[in-house]
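Morning, everyone. I'll take you through one model, and we'll start with a question once it is on the screen.

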Amino acid sequence: MAERSKIIDSMKTAETAERNKYIADHKLVLKTTASGLQYVITKPSLKHKPLAGDTVLVNYVGRFLNGQIFDTSIQTEAEKAGLNQPGRTYEPYKFVVGKGNVVAGWDEGLLLLGNGAKATFVIPSSLAYGQEGYSDIPPFATLVFDLELAGIKPVKHTPPAAKPAAKKPGIKKHTVAKKKS
């Protein structure tokens, strides 16, 4: 058990070092959220941002730190990368944001973007596929996504329940019983 823990710790350390080298080599100036998501908005948008529960449409290119594209929603990018995805429909990926239908880095990062914005997300494995990996994605893989929030289909959001108004302190009226004569 101790040996496995050492291996996991060394893989985490290697992931962090590789991610930091990638960021330095590409001269990226990124913001970092409390969870560890790193991002830069490359094309800002003043349009509305999605809320958890909204359906979003996203165009994306996903890369490993070595630059290899592992997935994309854009046919020309797939062809350039030599991705062989028979039967794949290339169109914006549609899903409900904030519901765990995608990696946590997407759920968090897309809520930061206005409709039409473009960004680069550098997603550590802790916000992607973790120490298990997934399919062609190895364990402890930091993923880089260039993406565009291509559309938002909002759902009706119910406003939070209003708190009852606090009663204002006021003058208490005292009633005085009349004496019977």
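Are Tyr60 and Trp106 buried or exposed? Both are buried. Buried here means under 20% relative accessible area, exposed means over 50%, and partly exposed is in between, with a 1.4 Å probe and protein chains only.

Some ground rules. This is a predicted model, so local features need pLDDT of at least 70 and side-chain atom pairs count only at pLDDT 80 or more, while totals for chains, interfaces and linings use all residues. Residues are numbered from 1 along each chain as its sequence is written, and side-chain values use heavy atoms, with hydrogens and water left out.

Now the aromatics. The whole structure holds 9 aromatic pairs. The rule: rings of Phe, Tyr and Trp (its six-membered ring) pair if their centres lie within 6.5 Å; planes under 30 degrees apart are stacked, over 60 edge-to-face, the rest tilted. For Tyr60 and Trp106, the ring centres are 5.2 Å apart and the planes sit at 75°, so this pair is edge-to-face. Tyr60 is in strand S3 and Trp106 in helix H3 (residues 104-110), so the pair ties together parts 46 residues apart in sequence. Helices (H or I, at least four residues) and strands (E, at least two) are DSSP runs, numbered from the N terminus.

Next pair. Phe64 and Phe70 have ring centres 4.8 Å apart and planes at 35°, so they count as tilted. Both of these are buried. One aromatic cluster takes in Tyr60, Phe64, Phe70, Tyr93, Phe95, Trp106 and Phe145.

Trp106 and Phe145 come up again in the core. The largest nonpolar core has 27 residues, and Val58, Trp106, Leu110, Phe121, Ile123, Phe145 and Leu147 have the most contacts inside it. Such a core is a set of buried Ala, Val, Leu, Ile, Met, Phe, Trp, Tyr and Cys residues joined through side-chain atoms within 4.5 Å. S3, H3, strand S6 (118-123) and S7 each supply at least two of its residues. S7 gives the most, with 5.

On to the pocket. How much space lies in the largest pocket? About 460 Å³. A pocket is an open set of points on a 1 Å grid over the protein atoms alone, where a 1.4 Å probe fits, with protein on both sides within 12 Å along at least five of seven lines; lining residues have an atom within 4 Å of a point. There are 19 lining residues, and Tyr60, Phe70, Asp71, Tyr129 and Ile137 are the closest to the centre. Strands S3 (55-64), S4 (69-72) and S7 (143-153) each supply at least two. S4 gives the most, with 3 residues.

Last topic, salt bridges. The structure holds 5. Each is a side-chain nitrogen of Lys or Arg within 4 Å of a carboxyl oxygen of Asp or Glu. Lys21 and Asp25 meet at 2.6 Å, N to O. Both lie in helix H1 (residues 2-25), 4 residues apart, about one turn. Asp146 and Arg63 meet at 2.7 Å, N to O. Asp146 is in S7 and Arg63 in S3, so that pair ties together parts 83 residues apart in sequence. Asp146 is partly exposed, at 31% relative accessibility. Lys80 and Glu77 have their closest N and O atoms 3.3 Å apart. Lys80 is exposed at 66%, whereas Glu77 is buried at 18%.

Conventions
Points joined across faces, edges and corners; volume = space filled by probe spheres on them.
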